[in-house]
Each structure stands twice: as C-alpha cells, then as structure tokens.
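Good morning, colleagues. Please take a moment to look at the sequence and the structure on the screen, and I shall then go through selected regions.

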Amino acid sequence: TYPAASTFKAFVSSGALAYDIATKKSKYTCTGTWTGFGEDYPQNCWLLSGHGEMDVVSGIANSCDVVFYEIGKAFYEKADELGDDCLQRYIETFGFGSVTGIDIYGEAAGRIPTPAWKAEYFKDVPEEAEWVGGDMSNMSIGQGYVLVTPLQMCCAYCGIATGTIYKPHLLKEVRNS
C-alpha cells in the first residue's frame, strides 16, 4: 500500500460536489501556505508561491493542495450535520479501503482513516487518538493515514471514466496449451 497523494483529489472533489461542500462556483485563494485551522498549524501547498485564485476544476488541474485543505476543513466542520466519516464513506464507494477481489493471493485492502479507526489505532496513546482537523486536511490531499494500492486506484479511476467499478481479473481464459 502507498499514500494516494494527489491522485486522491479526484475522489475528494467528487465527494465535495456530491455533498454541496463545493460547487462549480466555489472559489479558493492559494497563497502557498494555508492556516485554516489557525496560525499555529500552517500547511503548505506544493507550490510555495501559491496558485492564486482557484475553483474546483483548476484545483484539480493544478493539484492545488490549498483547495483540498479547504474542502477537508468544510467536511470537518460539518461533521455534526453529515457524520464524522461522511467523506470517507463516499470515497469507499470507489473501492478504497477494501480488496478489489482480483484472483491472486495476498491483496491488501489499504486504509481510509476515520475518527473511529484513529481512536482504535491509538487506543494505547490517548493523546494521539483524537481525530483533529489536520487529519481531515491531510486526508483530503491523499496523505496522513491514507493508504491505497495501485490496483485500487486503477479500478477507482475506471469507475470515474465508465460509471462502473469493475472487479479485475488476472486471466480470463486459456485457449491453447
């Protein structure tokens, strides 16, 4: 498994559009540094000089982290209304967090972290167990505790392209010895 990184942004933006966290008209300003959870918790865009004015489409096209930090923050702030794992449940509909079912041994499921997962994972380290805003903003750029497989990513993008998440197969048939 690997961190999804920016390849994850298509699914996060899709979830944001589905839950009206973002619209075609949503605007974001990237200065290169984002302090949406306070000055003590800055997060940088990969383009330290900033992208300037962005919308969701240009945020994806330019892979602007600040757009997705803002989306993650909006999901975090609406947790009482939508559920604290709303975005994660949406992302899981693309097959993330579970095996694809390919017919080979040893496939990994990956991980889409939730507040419940983090509480269990850090149960012996209570000061680390709380789900905080930074967990959500990191997840929104495919970082933090997010882990996916290349095959999951392939299947998920196939789902975006075709509308169907297919179960991959290594071999369909043998026609000749």
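I begin with Gly-101, which lies in the loop between H5 and H6; helices here are DSSP runs of H or I with at least four residues, strands are runs of E with at least two, and both are numbered from the N terminus. This is a predicted model, in which local features need pLDDT of at least 70 and side-chain atom pairs count only at pLDDT 80 or more, while totals for chains, interfaces and linings use all residues. Residues are numbered from 1 along each chain as its sequence is written, and side-chain values use heavy atoms, with hydrogens and water left out.

Gly-101 counts as partly exposed because its relative accessibility is 27%; buried means under 20% relative accessible area, exposed over 50%, and partly exposed in between, with a 1.4 Å probe and protein chains only. Leaving aside neighbours within four places in sequence, Gly-101 is in contact with Glu-107, Lys-167 and Pro-168, where contact means heavy atoms within 4.5 Å. From Gly-101 to Lys-118 there are 17 residues in sequence and 26 Å in space, C-alpha to C-alpha.

Neighbours within four places in sequence aside, Gly-59 is in contact with Met-54, Cys-64, Val-67 and Phe-68.

Which residues have the most contacts inside the largest nonpolar core? They are Phe-8, Ile-71, Phe-75, Ile-91 and Phe-96, in a core of 36 residues. A nonpolar core is a set of buried Ala, Val, Leu, Ile, Met, Phe, Trp, Tyr and Cys residues joined through side-chain atoms within 4.5 Å. Two or more residues come from each of H1, strand S1 (28-30), H3, H5, H8 and H9, and the largest share, 7 residues, is that of H3. With neighbours within four places in sequence left aside, Phe-8 is in contact with Ile-91, Phe-96, Ile-112, Met-139, Gly-142 and Val-146.

Helix H8, residues 133-140, is mostly covered, with 6 of its 8 residues buried. Among them are Met-136 and Met-139. The cover over the buried residues of H8 includes helix H1 (9-18), helix H3 (65-77) and helix H5 (86-92). Just after H8, Gly-142 takes a positive phi of about 75°.

Now to the aromatic rings. Rings of Phe, Tyr and Trp (its six-membered ring) pair if their centres lie within 6.5 Å; planes under 30 degrees apart count as stacked, over 60 as edge-to-face and the rest as tilted. By this rule there are 14 aromatic pairs. One of them, Phe-11 with Tyr-157, is edge-to-face, at 5.0 Å centre to centre and 70° between the planes. Because Phe-11 lies in helix H1 and Tyr-157 in helix H9 (residues 150-162), this pair ties together parts that are 146 residues apart in sequence. Phe-11 is buried, at 0% relative accessible area, whereas Tyr-157 is partly exposed, at 35%.

The rings of Trp-117 and Tyr-121 are stacked, because their centres are 4.8 Å apart and their planes at 20°. Both residues lie in helix H6, 4 residues apart, about one turn of the helix. Tyr-121 counts as exposed because its relative accessibility is 51%.
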